[in-house]
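Walk me through this model.

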Amino acid sequence: MNDYSKEAQKALASPRLQASLHTLQDRFGKGAMALWANMEDQEMRRRVKKSRLKNLEHLDILLAELARNVRARGGKVYFAETAQDAIDYTLKVARDNKVKRVVKGKSMISMEIGIDPALEEDGIEVVETDLGEYIIQLAGDKPSHIIAPCIHMDRKQIGQLFAEKLGMDYTDDPPTLTMAARKELREKLLSADMGLTGCNLACAETGHISLVSNEGNIRMATTMPPVHVALMGMERIVATLEEHRETVQLLTRGAALQKLSTYVSFTGGPSSADDPDGPKEFHLVIIDNGRAKILADPEFREVLACIRCGACLNICPVYGRIGGHAYNSSYCGPIGAVITPLLDGINKHADLCKGETLCGACKDICPVQIDLPRMLAALRQKLAYASDRWDTRQHNPAEAYGFTIWRLIITRKPLYRSLLKIGRLFQRVFIKKNNMISSMAGIASGWTDGRDLPPIAKKTFTELWEEKYRNRQAAAAPETEENQ
Amino acid sequence: MDHNQAFFLGNIRTALGEAPHSERVKSMFPKLFASPDTTEIRQKIAGRTVAEQDELVEIFLKNGNSLNICSHIVASSDAAAAVVVELIRSKEPEFNHTKHVIGHDHPDIAALQLWKRFNREAVTVHTAFNSDRQVQEKTIASFIGITAPTIGVADSATLIQLTEPGRPRSTSLLPSIHIAIMRREHIVADLQEAYTLLRGRAHLDSLVFISGPSKTADIEAHMVHGAHGPREVHLIILAEPSAAGSDAATTEAA
Ligand code: SF4
C-alpha cells in the first residue's frame with residue numbers, strides 16, 4: 001500500500017483527529033459559505049479573481065516595480081529561480097550577519113523550499129513562533145493544516161509535550177499552555193538575530209510586503225531581530241493598494257471568517273537609522289521554484305491566483321476525513337492536490353489528484369473561485385495519457401488498455417449485452433447477504449478492499465424502459481399532469 | 001537591475017508568451033496601476049458632522065467589543081489621563097515586578113502629563129523619544145504601551161499605527177497591555193476610506209493594522225488572548241465637545 005493510503009487509513013482510525021476535523025469544517029467551512037452568501041458586495045470575489053489573473057499576466061512588470069520600490073527604501077531584493085538559490089541567499093545573509101538564532105513567522109514557502117534543515121546544518125537555531133507551528137516543531141511533527149497546523153493534536157498530547165520539553169508541570173489547560181509558550185518564545189524573539197517570514201501579499205505600487213497574523217508573532221519576528229528575510233512566492237503580489245484592500249479581506253475571511261486578522265503588517269524596507277526597533281537589514285527573496293512553468297501552461301495558470309487562505313481544506317470531504325498528513329507535502333487539501341504535483345512532480349504525487357472526489361466544494365468556497373476540480377481532472381488526464389510538458393509517464397498503462405477494451409465493448413450493443421449476461425451469472429458467487437459484493441478476485445480486489453460494490457442490476461435501464469414503455473407511445477400527456 | 005532579476009523576469013515573459021529579452025515597462029500599461037478616483041471619499045471624510053462622527057464611534061465600539069477591545073469615551077485629556085492612571089494602578093506587570101509604562105512621542109499622549117501623576121507610587125513613565133538610545137530596553141521593561149494611532153476604522157474595529165520618528169512599532173507590541181488614544185475625528189467608516197487616507201503615507205517603511213488583542217486558537221480551537229502581542233487592548237476615544245481640531249483626520253492622515 002502506498003503512503004497516501006497508509007496515512008489516510010491512519011487518520012480514519014483516529015477518532016480524535018476525526019472529531020477535530022469535523023469541528024473545524026463545521027465551523028469554518030460552513031461559516032465561509034454563509035459569509036459569501038451574505039456578503040453585501042457579491043461582485044467582490046469575481047473582481048479580485050479578475051485582478052489576480054490580470055496581475056499574473058503582467059507579473060514581470062509588477063515584480064520589477066515592487067523591487068524598485070523596496071530598493072528605493074534601502075531594502076535588498078533577490079530573485080531566486082530555484083529553492084536552492086533561495087536557500088543559498090538566505091544562508092549567505094545569515095552568515096554575513098553571524099546569525100545564531102532565527103525566529104520564524106509561519107511561512108509555507110519556507111517549508112516548500114526546505115530552508116530549516118539548511119539553516120540547522122549551518123549550526124543555526126531555528127525557532128517557529130506561531131504557537132501551532134511551535135508545538136509541531138517541539139513534537140518533531142509535520143503541520144496538517146494551512147491555518148491550524150496542529151489540528152491533529154489534542155490538549156492532552158500538547159500538555160505532555162510541554163511537560164516533557166519545557167519542564168513545566170503537566171496541564172491540559174489551553175490558556176496555561178499558551179502562556180507558557182508565550183514566555184518561552186518571548187525570550188527567543190527578543191534575542192534572535194534574524195526574523196524569517198513569508199509574504200501573504202505584496203503591493204507593487206507602494207513596495208510593501210504585508211503579513212497577516214492573529215498572535216503577533218510575525219510582528220515580533222519582523223520588529224525585534226536586526227535582520228528580516230521575507231520569502232515570497234512570486235505570484236503573491238497585487239498592483240495597487242486598492243487591490244490589496246479587497247484581496248487581504250478575502251484572505252482573512254476565507255481563512256478564519258475575520259473581517260481582518262488581528263494584525264496586518266506592512267514592511268517595505270529596513271527601519272530608519274533613528275528607529276529604536278525594526279530590522280536594520282531587510283531582504284526580500286522572490287521565489288520561482290517551478291511557478292513560471294505553471295504560469296506558462298494556460299490549463300494551470302489559474303492556480304497561481306490562490307491566496308493560500310486554506311478555506312478549501314475546510315470544506316473538502318476528502319481532507320475532512322484523511323487530514324493533512326496523507327498529502328505528504330507542505331500544501332495539503334484541494335489546493336495541495338493541485339499545486340504539489342505541479343511544483344514537485346505529477347507522477348511523484350499521482351495519488352493526490354486521484355484521491356479528491358471532484359465534488360466541486362473547493363471551488364464554491366474559494367474566495368477567488370479557483371476552479372480546482374477542473375485542474376484535478378486535468379492532472380488526471382496528464383497521468384492517463386502522459387504529457388511531455390509535465391514530463392509525466394502514463395501512470396497506469398493497464399488502465400489505458402482496460403479503457404480501450406471497454407470502448408470496444410460498449411460501442412457494440414450485442415456484445416455488450418451478452419457480456420452483461422455472463423457477468424450477472426458470474427457475479428453470483430460474490431454477492432453477500434447484504435446484497436452487495438464485498439470482495440472480488442485478483443486485480444479486481446482493489447475495488448472492494450475499502451468498500452462494497454453493488455452487483456450488476458438484473459435488468460439494464462434500457463431493458464426496463466423497453467419493457468415498460470414499449471406500448472405506451474402517448475405517455476407524455478398524463479405524466480405532465482402528474483407533475484403539476 | 002542585476003543579472004538574476006533579468007533572467008527571472010525573462011522567464012516570466014517567456015511563460016507569458018512575450019519576448020524574454022525586451023523588458024516591459026510600466027508606462028506602457030497605464031491601466032495596470034490605475035486606481036479609482038478618491039476625491040469623493042476624501043470629501044465625505046472631510047465633511048463629516050460631529051453627529052456622524054459619533055455614529056462611527058458607536059459602530060467602532062460595537063465591533064471592537066466583539067474583538068475584545070475595551071473602549072472608553074472621554075471628553076478631555078484629563079479624563080483620558082484618569083482612565084490611563086486607573087489602568088496603570090489596577091493592572092499588574094506580567095514579565096517583571098516593576099511598573100514601567102512607555103508612550104509614543106505624540107501631543108495627545110504628552111497632554112496626559114502622566115509623569116506628574118505618580119509622584120508617590122513606584123511607576124516609571126517613559127516616552128519613546130527619537131533621540132533616546134534606550135527606548136528598546138525601556139519598551140521591553142514596560143507592561144503598558146501607549147500609542148495614538150493615526151486612523152481608526154469603525155467597520156473592522158481597526159487601529160492603524162504608522163511607524164514614525166518617536167513612534168516605534170514595539171510600543172504597541174511588547175507590553176502586555178496596549179492603550180490607544182484616538183480623537184473621535186480620526187475614525188473613518190471602513191477600510192476603503194482608510195486606504196484612501198493611507199495613499200499619502202505609502203512611502204513609510206512600516207505600518208500595522210491592529211484589530212484587537214493578540215490571540216490564538218491553535219490548541220483545540222480554544223481562544224486564548226495574549227499569544228505574543230498584548231493580551232489587552234484599551235481604546236480611549238477623545239471626543240472633545242468643541243469643534244476644534246475637527247479637520248484633524250484629513251490634516252494628520254492625508
Ligand atoms: S485555492 Fe482558494 S480556497 Fe484554497 S487556499 Fe487557495 S485561495 Fe484559499
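A:Thr23 is partly exposed, because its relative accessible area is 48%; buried means under 20%, exposed over 50%, and partly exposed in between, with a 1.4 Å probe and protein chains only. A:Thr23 sits in helix α2 of chain A, residues 15–38. Helices here are DSSP runs of H or I with at least four residues, strands are runs of E with at least two, and both are numbered from the N terminus. A:Asn314 lies 291 residues from A:Thr23 in sequence, yet the C-alpha atoms are 9.7 Å apart in space.

This is a predicted model, in which local features need pLDDT of at least 70, side-chain atom pairs count only at pLDDT 80 or more, and totals for chains, interfaces and linings use all residues. Residues are numbered from 1 along each chain as its sequence is written, chains are lettered from A and ligands numbered from 1 in the order in which they are written, and side-chain values use heavy atoms, with hydrogens and water left out.

Now the interface. In chain A, 96 residues are in contact with 70 residues of chain B, where contact means heavy atoms within 4.5 Å. The two chains bury about 7000 Å² between them, 58% of it on carbon and sulfur atoms. Buried area is the accessible area (1.4 Å probe) that two parts lose on being put together, summed over both.

The rule finds 8 salt bridges across this interface. Each needs a side-chain nitrogen of Lys or Arg within 4 Å of a carboxyl oxygen of Asp or Glu. B:Asp155 forms a salt bridge with A:Lys259, with the closest N and O atoms 3.2 Å apart. On the side of chain A that touches chain B, helix α10 (residues 174–191) gives the most, with 11 residues.

Two strands pair if DSSP finds at least two bridges between them. Within this pairing, A:Val264 stands opposite B:Phe209.

Last, the backbone. Most residues other than glycine have a negative phi. A:Asp391 has a positive phi, near 55°. A:Asp391 is in the loop between α18 (372–385) and α19 (397–410) of chain A. With a relative accessible area of 65%, A:Asp391 is exposed.

B:Asn68 also has a positive phi, about 70°, although it is not a glycine. Its loop runs between α3 (50–66) and β1 (69–74) of chain B. B:Asn68 is partly exposed, at a relative accessible area of 40%.
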